[in-house]
Amino acid sequence: ALAGVASDRKDWGNAKRLWGEATELFRTAFGDDSPILAEALGELARVHQESGDLRAAILPLQRARDIWRTAAGINHPSYAMALNNLADAHYRLREWHEAETLYGEAAGVTRRAYGAEHPITADVLNNLANTLRARGAFDEAERTYRDVLEIQRRHGGDEDERVQRVLADLAELAEHEAHPGSDNDDPARLDALAIEYLERAEWVIAERLPRRALDVSARFGDQS
């Protein structure tokens with residue numbers, strides 16, 4: 001309880017100390033492979049990340065992943081989430097190879113746990129696509145974004161906000177191909193520039209995106 005209060009107050013020094021102590025208590029009480037210990041390690045990692053100590057989050061996230069693999073098995077959603085959380089940490093450190101490997105593994109687990117067409121599977125695939133784009137693997141990123149697009153369209157319909165965001169990501173890739181020297185890597189700009197990118201890059205993506213998806217993006221533009 002005290003650890004949670006310190007976290008809520010952003011008292012990072014005490015939060016780290018208290019969550020560290022909690023992990024030791026849980027290890028003693030429940031054993032090295034307890035899900036309760038894994039959850040506490042996840043909280044410790046979160047505190048490290050929110051305080052800006054990104055590197056320190058890696059070890060507790062690795063330990064949490066290993067616990068979930070042992071306690072729940074390689075087809076369990078909790079193991080997929082642990083893989084995704086560890087991948088997120090590497091992504092924030094710009095360690096693309098590690099993030100790509102972990103997101104890929106997490107995507108495999110979510111397919112087995114939820115199915116290939118589940119929105120959670122799409123979320124993990126989207127993380128993988130972002131990583132591929134970040135390391136410059138644009139063709140692989142495009143294929144993965146298109147997989148995400150198809151899943152999101154089936155669940156949310158053409159006008160779903162998530163569909164618009166994936167379209168913006170695809171347009172960003174097209175812009176890179178049209179103007180390889182341009183700097184368009186800031187994710188925060190994607191929403192504001194989504195329609196502009198689609199209009200400017202449509203000739204690149206016209207043969208790659210379903211015509212219907214492009215028509216949807218045009219409707220968004222008409223409403224702005």
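This is a predicted model: local features need pLDDT of at least 70, side-chain atom pairs count only at pLDDT 80 or more; totals for chains, interfaces and linings use all residues.
**Entry 1. Contacts and overall make-up**

Residues are numbered from 1 along each chain as its sequence is written, and side-chain values use heavy atoms, with hydrogens and water left out.

I found 11 helices and zero strands in the protein; helices (H or I, at least four residues) and strands (E, at least two) are DSSP runs, numbered from the N terminus. Of the 224 residues, 45% count as buried. Buried means under 20% relative accessible area, exposed over 50%, and partly exposed in between (1.4 Å probe, protein chains only).

**Entry 2. Helix 5**

I examined helix 5, residues 77-92, which has 16 residues. Helix 5 reaches 22 Å from its first C-alpha to its last, close to the 22 Å expected at 1.5 Å a residue; the expected span is 1.5 Å times one less than the number of residues. Its buried residues are Tyr79, Ala80, Ala82, Leu83, Asn84, Leu86, Ala87, Ala89 and His90. I traced what they pack against: helix 3 (35-50), helix 4 (58-72), helix 6 (96-114) and helix 7 (119-134).

**Entry 3. Helix 4 against helix 5**

I read an angle of about 160° between helix 4 and helix 5, with their axes 8 Å apart. Axes are lines fitted to C-alpha atoms, for helices over the stretch in contact, and angles run from 0 to 180 degrees between N-to-C directions. Helix 4 is therefore roughly antiparallel to helix 5, the term for angles over 145 degrees. From helix 4, the contact takes in Ile58, Leu61, Gln62, Ala64, Arg65, Trp68 and Arg69. From helix 5, Ser78, Tyr79, Ala82, Leu83, Asn85, Leu86, Ala89 and His90 take part. I sorted the residues of this contact into nine nonpolar, four polar and two charged; Ala, Val, Leu, Ile, Met, Phe, Trp, Tyr, Cys and Pro count as nonpolar, Asp, Glu, Lys and Arg as charged, and the others, Gly among them, as polar.

**Entry 4. Helix 3 against helix 4**

I then turned to helix 3 and helix 4, which pack at an angle of about 155° with their axes 8 Å apart. This angle makes helix 3 roughly antiparallel to helix 4. The contact divides into 12 nonpolar, two polar and two charged residues.

**Entry 5. Single residues**

I checked Ala56, in the loop between helix 3 and helix 4. At 26% relative accessibility, Ala56 counts as partly exposed. Ala56 and Ala89 are 33 residues apart in sequence and 9.7 Å apart in space, C-alpha to C-alpha.

I located Arg94 in the loop between helix 5 and helix 6. Arg94 is exposed, with a relative accessible area of 61%, and has a positive phi of about 65° although it is not a glycine. Most residues other than glycine have a negative phi.

I placed Thr110 in helix 6 and found it buried at 2% relative accessibility. Not counting residues up to four places away in sequence, Thr110 touches Ala80, Gly115, Ile120, Thr121 and Val124.

Notes. Contact means heavy atoms within 4.5 Å. Angles under 35 degrees count as roughly parallel, over 145 as roughly antiparallel, 65 to 115 as roughly perpendicular and the rest as oblique.
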